[in-house]
Amino acid sequence: MSHNCKDTEETVVRSEQEESLRQRSFIAMNQQLLQAKVQSGGRTPRYCLKTFGCQMNEKQSEVVAGIMDEIGYIRTDKEEADIVIYNTCTVRENANLKVYGRLGYLHNLKKQNPSMKIILFGCMMQEKQVVEKIRKDYKFVDLVFGTHNIFTFAELFYQMQQADTQMIEIWDGTDQVVEDLPSERNYSFKSGVNVMFGCNNFCSYCIVPYVRGRERSRKPEAIINEIKKLVADGVVEVMLLGQNVNSYGKTLENPVTFAELLTMVEKIDGLKRIRFMTSHPKDLSDELIQVMAQSKKICHHLHLPLQSGSSRVLKEMNRRYDKEKYLELVKKIRQAIPDISLTTDLIVGFPGETEEDFLETLDVVRQADYDTAFTFIYSRRSGTPAAAKEDQIPEDVVKDRFDRLLALVQEKGRQVSSRFTGTVQEVLVEEESKEKGIFTGRTQYNLLVHFPGNEEMLGTFVNVKLETCKGFYYLGTLAE
Ligand code: SAH
Ligand code: SF4
Ligand code: F3S
């Protein structure tokens with residue numbers, strides 16, 4: 001098989017169970033192929049999997065890693081491997097450039113080792129012009145697939161090994177959610193859990209709705225079962241994932257609100273912490289604020305992307321809230337949950353942004369008391385409405401605004417985060433830092449703290465005194 005671009009109409013729709021059985025049979029066939037390779041080569045081949053982009057991509061990479069591990073490949077961090085797989089992101093142009101840059105490097109590796117296989121998948125591959133470019137200029141790439149057919153990875157991987165030309169398989173969309181596949185988690189004690197896929201918001205700058213398709217919520221039972229299994233397997237913290245979790249459940253046959261879903265998740269014994277992202281301000285309900293305020297497990301941290309502080313720009317962005325509404329929402333949240341930690345995303349240089357508009361963004365940053373804000377330079381994504389606007393902002397103006405915004409965000413973040421100095425906080429110990437003997441834990445507020453500890457603490461909760469605030473992290477010591 002060579003180029004094969006399918007759309008949903010042509011795709012055979014199997015039941016979820018049939019599909020996962022089918023994929024398991026491909027895993028078995030891949031195992032046989034691998035055995036033969038091990039026998040002829042005298043060693044077990046290695047694969048390298050790198051993920052670009054957001055936590056949803058991380059989560060999907062876990063499925064691909066789970067399948068590769070089950071087949072029997074050994075994972076390595078180095079790209080000098082037998083199979084190199086990139087899960088790509090296209091939210092900003094930088095994300096694309098990184099992938100193209102690395103492909104150049106991979107091409108050289110492949111010249112030295114012609115049996116090496118290169119696989120690209122994820123959001124960037126859902127763009128027609130990207131696939132055209134790979135077809136034309138990157139012929140050494142062996143397999144390309146998108147965001148909708150990741151569950152067929154075992155099958156595609158098997159077919160790729162039989163093929164002698166580049167194989168491309170992109171779907172325009174899917175209604176299928178195949179749950180029962182192997183997955184190799186990055187951490188044993190915390191995990192992301194998808195609650196929905198896709199996005200219907202069409203913010204005018206954003207490519208995600210085009211590459212991830214329409215919003216689809218998973219059934220609450222499927223989510224609860226997945227979390228119960230994770231907890232039985234040692235997970236104590238979950239992050240519920242979706243592009244706009246606040247609109248969760250609206251399109252289900254039996255609609256459920258996100259607040260109701262959280263209440264169900266809260267009841268799972270053994271689960272200690274619940275996080276979620278991302279919340280769109282337009283859909284954040286009073287019910288959700290109440291559930292958060294009363295909960296014993298939901299972390300008091302809310303990522304609430306503002307994007308711009310100017311009501312005029314927000315309208316152009318199709319965000320469907322204005323500056324006043326956003327600030328009112330922040331006030332309401334702080335009244336109900338006084339210790340809440342708020343974080344945000346900001347874009348500078350949206351087409352037509354004036355100095356006055358930009359000052360409005362700075363004004364909200366001054367008022368909203370964010371712990372951290374992620375600042376982005378507007379990136380023109382082809383196919384989005386904003387990309388067609390004529391009044392794109394010159395690079396030097398954007399750069400100047402970006403620097404001013406970053407300076408304010410850092411100054412405010414340092415002030416706001418330092419409110420915990422001297423307090424004792426319960427942290428989930430996540431990893432040993434680069435410095436031996438120094439471990440990194442995370443407070444419910446999503447703040448990191450480095451402290452002297454030991455390996456047995458990994459994945460457990462310990463109390464740490466936060467002594468010195470370094471901006472977005474603390475140095476501390478174990479408390480009694
Ligand atoms: N669904 C989430 C965000 C997903 S993308 C939400 O709505 O909040 C993560 C962040 O990338 C966005 O919040 C936005 O700040 C940024 N972003 C998205 N498209 C962008 C673009 N074209 N240029 C610059 N930043 C962008
Ligand atoms: Fe993009 Fe807006 Fe959807 Fe977030 S809500 S993914 S910014 S379109
Ligand atoms: Fe990037 Fe796709 Fe996530 S474009 S930010 S990896 S949804």
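This is a predicted model: local features need pLDDT of at least 70, side-chain atom pairs count only at pLDDT 80 or more; totals for chains, interfaces and linings use all residues.
Reader: Why does Thr361 count as buried?

Author: A residue is called buried when its relative accessible area is under 20%. Thr361 has a relative accessibility of 0%, so Thr361 counts as buried. This residue belongs to helix α12, residues 355-368. Apart from its neighbours within four places in sequence, Thr361 is in contact with Ser308, Gly309, Ser310, Leu346 and Leu405.

Reader: What makes α12 roughly parallel to α13?

Author: Helix α12 packs against helix α13 (residues 395-417) at an angle of about 10 degrees, and their axes are 10 Å apart. Angles under 35 degrees count as roughly parallel, and therefore α12 is described as roughly parallel to α13. Among the residues that meet are Phe358, Thr361 and Leu362 in α12, and Leu405 and Leu408 in α13. The residues of this contact comprise 7 nonpolar, 1 polar and 5 charged.

Reader: Which residues of helix α9 are buried, and what puts them on the same side of α9?

Author: In α9, residues 286-294, the buried residues are Leu288, Ile289, Val291 and Met292. Because they cover an arc of only 165 degrees around the axis, they lie on the same side of α9. These buried residues pack against α8 (258-266), β11 (273-277), β12 (301-303) and α11 (323-336).

Reader: How many residues of each class does the shell around ligand 2 have?

Author: The shell has 7 nonpolar, 3 polar and 1 charged residues. Those surrounding ligand 2 include Cys199, Phe202, Gln243, His280 and Arg319.

How values were computed
Residues are numbered from 1 along each chain as its sequence is written. Chains are lettered from A and ligands numbered from 1 in the order in which they are written. Side-chain values use heavy atoms; hydrogens and water are left out. Buried means under 20% relative accessible area, exposed over 50%, partly exposed in between (1.4 Å probe, protein chains only). Helices (H or I, at least four residues) and strands (E, at least two) are DSSP runs, numbered from the N terminus. The arc is that of the directions from the helix axis to the C-beta atoms. Contact means heavy atoms within 4.5 Å. A residue is near a molecule or strand if one of its heavy atoms lies within 4 Å of it. Ala, Val, Leu, Ile, Met, Phe, Trp, Tyr, Cys and Pro count as nonpolar, Asp, Glu, Lys and Arg as charged, and the others, Gly among them, as polar. Axes are lines fitted to C-alpha atoms, for helices over the stretch in contact, and angles run from 0 to 180 degrees between N-to-C directions. Angles under 35 degrees count as roughly parallel, over 145 as roughly antiparallel, 65 to 115 as roughly perpendicular and the rest as oblique.
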